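Subject: Structure for your review

Hello,

I am passing on the structure we talked about. Please look through it before reading the notes that follow.

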Amino acid sequence: MRPVLLVLCLLAGALQVQAQAPFSTLEFQVLTTSNVNRNLLHEYWRPGRGGTITLATPFYWGITETGATIHRYNAARDVPGFGAFWVFAGWSVDWRLKSTIAVRPGLRLGNYRMSFDGAETTFAGVSTESDLVLSGGVAISAAIGPTWGVSARADYLRVHTTPLLRLWYVSGGLAVRIPAGRRLRALLE
């Protein structure tokens, strides 16, 4: 039910957002990321540090984005540790609270790849696993100049493995927004 409510909120927000020139700006974000919830996964692994990079651009009635997140999970029991790599594409709406502060709810779809330590895991005899991820999240950003800004976000991920993983990530960091020149806009269009 929660994903349906998120989609309805995004659609309602998209109707309120004015159309904008596609690819008019490019926004790069570099964020530190932490896994903050605890569930069955965390009985066997301790989440370590992580980071996210994102590229976003206006696209008519919203923002389209692509990016990647990387995390380390260390073994808490007699299992191999693993590195997680989440690559995604997403769409969000930009609600302006003030000229310098925005809230951006959105959806992401991607792939969550787990690379386990050692040649074989004790689970399926393979060293990697790759699964579909659906996520919803919200970001809050504040401009600290014409180009630079800070951003904080929370994401809820559903990693479609057996058992289903439900993960909450929080992130924070810097963003830089630059206007896209005519040649770059023509290339992207």
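A residue is called buried under 20% relative accessible area, exposed over 50%, and partly exposed in between. By that scale Arg72 is partly exposed, because its relative accessible area is 29%. Please keep in mind that this is a predicted model.

Salt bridges

A search of the whole structure finds eight salt bridges.

Arg72 is in a salt bridge with Asp117, at 2.5 Å from N to O. Arg72 lies in strand β3 and Asp117 in the loop between β6 and β7 (128-143), so this pair ties together parts that are 45 residues apart in sequence. Asp117 is partly exposed as well, with a relative accessible area of 33%.

Glu65 and Arg108 form a salt bridge whose closest N and O atoms are 2.8 Å apart. This pair links distant parts of the chain, with Glu65 in strand β3 and Arg108 in strand β6, 43 residues apart. Glu65 is buried, with a relative accessible area of 8%, and Arg108 is buried at 5%.

Arg104 and Glu27 meet through their side chains in a salt bridge of 3.0 Å, N to O. Here too distant parts of the chain are linked: Arg104 belongs to strand β6 (residues 101-116) and Glu27 to strand β1 (residues 25-35), 77 residues apart. Arg104 is buried, with a relative accessible area of 8%, and Glu27 is buried with a value of 8%. Both residues also belong to a network of salt bridges that links Glu27, Asp94, Arg96, Arg104 and Arg177.

Strand pairing

Strand β3, which holds Arg72, pairs with β2 in the antiparallel sense over twelve bridges. Within that pairing, Thr52 has Thr69 of β3 as its bridge partner. The two strands form a hairpin with four residues between them. β3 also pairs in the antiparallel sense with strand β4 (residues 82-92), over eleven bridges. In this second pairing Ile63 stands opposite Ser92 in β4. The hairpin that joins β3 to β4 runs through six residues.

Backbone details

Tyr60 lies in the loop between β2 (45-58) and β3 (63-75).

Where is the cis peptide bond? The bond joins Thr162 and Pro163, and omega is about 0°. Pro163 is placed in the loop between β8 (148-159) and β9 (165-179).

Surface patch

A nonpolar patch on the surface is formed by Ile144, Trp148, Val150 and Leu174, which together have about 400 Å² of accessible area. Leu174 is found in strand β9. Leu174 is partly exposed, with a relative accessible area of 45%.

Regards

Note on methods
Residues numbered from 1 in each chain as written. Predicted model: local features only at pLDDT ≥ 70, side-chain atom pairs only at ≥ 80, totals over all residues. Heavy atoms only, no water. Patch = residues over 30% accessible without salt bridge, like charges linked within 9 Å, V, L, I, M, F, W, Y side chains within 5 Å. Areas by Shrake-Rupley, 256 points an atom, 1.4 Å probe, with all protein chains shown as cover. Salt bridge = Lys/Arg side-chain N within 4 Å of Asp/Glu carboxyl O. Buried < 20%, exposed > 50% of the residue type's maximum accessible area, 1.4 Å probe, protein only. Pairing = 2+ DSSP bridges.
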